[in-house]
Amino acid sequence: MTGPLPLDLTSIQRAPKAVLHDHLDGGLRPSTVLDLAASCGYDRLPVDTEQALGAWFAAAANSGSLVRYLETFEHTVAVMQTPEGLHRVAHECVEDLAADGVVYAEVRFAPEQHLTAGLSLDEVVQHTLVGFAEGTAAAAATGRQIRVTCLLTAMRHAARSREIAELAVRFRDRDVVGFDIAGAEVGYPPSRHLDAFEYLRDESAQFTIHAGEAFGLPSIHEAIAFCGADRLGHGVRIVDDITGTGADAQLGLVANYVRNKRIPLELCPSSNVQTGAVASLTDHPFDLLARLRFRVTVNTDNRLMSCTSMSQEMAKLVQAFGYGWADLQRFTINAMKSAFIPFPERLRIIDDVIKPGYAVLIG
Ligand SMILES: O=c1[nH]cnc2c1ncn2[C@@H]1O[C@H](CO)[C@@H](O)[C@H]1O
Ligand SMILES: [Zn+2]
């Protein structure tokens, strides 16, 4: 026994991590946005150097408003319209996650936003999956094992959710493990897409719903009670249904239900600060929810817009709340338990990868 390694960014990068909430179109390398814009003739980027572009995304996304945050995706989605664009972005996504020590990832994107150059929905998914497979092989060649699966998102302001749900089911045997809805939350309640959710439930397919980010408890209630979401994307506003922060904490009906049913919360700390869902990282209810034993998970949401990684999100939580290795392991196992891959695969990653990986770090 050598004792635990210090909990800094470098050692957290060595820890096996699992991410359930990471947007493909929110995780491009700034250099790739520039390269792809040049090759596809997209001339609307706000700046033209790698460093300035990375800084522009982080600043523009740091608006305190989800709607303005989402406007930045115009530029990433614009360069992901061709087979080459989709291959490269998906390939690099896997390489970047693997280099950060992520061993399991569910990466989501909205196929309906990638049709402007004439690809079909099925082609968009096929090309993305090819990129994921290439990235996984490239990571393995450098000694990094990662399992990457895909969630298909439908945009909540649009009207294609049933079609996207069917697309997800069509690809269910090819590593598309679930469905999601995303986009502006206010004015677009999850129940607008009941048809898609009923279809998925009928197909025994799993889904998560962005809820309780820019809008409060009613959104979470709808996502669970009407739609039957298996997980909550963010779900951070569940704190609106909790009074008190210590042993005296009282849970309302919805919070109690979420905790009793172990409904996973896909918490994304930095993103929540940028969109104004929480005032600052130290004010993030992550810690309250963790202490109350909700099924909390740590996620990146959009690595480009938040200029972050899984390791950085964990390091920020360590700094804000004083977590130790056992806490990070618990959050990681929470994520793995909540993954949409089959149970035996989840167990294998927990027992053969996560636990031994943390044992080395704990010493
Ligand atoms: O935190 C979020 N809340 C709601 N929608 C989001 C968030 N991050 C990204 N997207 C939206 O999801 C689409 C597909 O990946 C992105 O294009 C963006 O519009
Ligand atoms: Zn998201």
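**Entry 1: the record.** I began with the annotation, keeping in mind that this is a predicted model. UniProt, in an unreviewed entry, places the feature "domain: Adenosine deaminase" at residues 16-355. I then checked that span in the model: it is 47% helix and 14% strand. Its end C-alpha atoms lie 9 Å apart.

**Entry 2: the whole chain.** I looked up the secondary structure next and found 16 helices and 10 strands in the protein chain. The radius of gyration is 19 Å, close to the 21 Å that the globule rule gives for 363 residues, so the chain is as compact as a globular protein of that length. I also noted the box that the C-alpha atoms fill, roughly 55 × 50 × 40 Å along the principal axes. Of the 363 residues, 51% count as buried. Then I turned to contacts with a separation of 6 or more: residues 24 or more positions apart account for 76% of them.

**Entry 3: the annotated binding site.** Which residues does the "binding site" annotation cover? The unreviewed UniProt entry gives His23, Asp25 and Gly183. They span 161 residues in sequence, yet no two of their C-alpha atoms are more than 12.6 Å apart, so they gather at one spot.

**Entry 4: histidine 23.** I found this residue in strand 1, which runs over residues 17-23. Is histidine 23 buried or exposed? I noted 25 C-beta neighbours inside 10 Å, so histidine 23 counts as buried; the cut-off is 20 or more. Leaving out residues up to four places away in sequence, histidine 23 touches Arg108, Phe109, Asp301 and Asn302.

**Entry 5: aspartate 25.** This one sits in the loop between strand 1 and helix 2 (30-40). Aspartate 25 has 24 C-beta neighbours inside 10 Å and therefore counts as buried. Apart from neighbours within four places in sequence, its contacts are Phe73, Thr76, Val77, Met80 and Phe109. I spotted Phe109 in the list for histidine 23 and again in the one for aspartate 25.

**Entry 6: ligand 1.** How many residues surround ligand 1? I wrote down 19, the closest being His23, Leu70, Phe73, Ala110 and Ala182. Helix 4 (66-71), helix 5 (73-78) and strand 2 (102-109) each supply at least two residues of the shell. By kind, the shell divides into 7 nonpolar, 8 polar and 4 charged residues.

Key:
Residues numbered from 1 in each chain as written. Chains lettered and ligands numbered in written order. Predicted model: local features only at pLDDT ≥ 70, side-chain atom pairs only at ≥ 80, totals over all residues. Near = placed C-beta within 6 Å. Helix = DSSP H or I, 4+ residues; strand = E, 2+ residues; numbered from the N terminus. Nonpolar A, V, L, I, M, F, W, Y, C, P; charged D, E, K, R; others polar. UniProt positions renumbered as here; feature names shortened; annotations may be inferred. Rg over C-alpha atoms; globule rule 2.2 N^0.38 Å. Buried ≥ 20, exposed ≤ 12 C-beta atoms within 10 Å, placed from the backbone. Contact = placed C-beta atoms within 7 Å.
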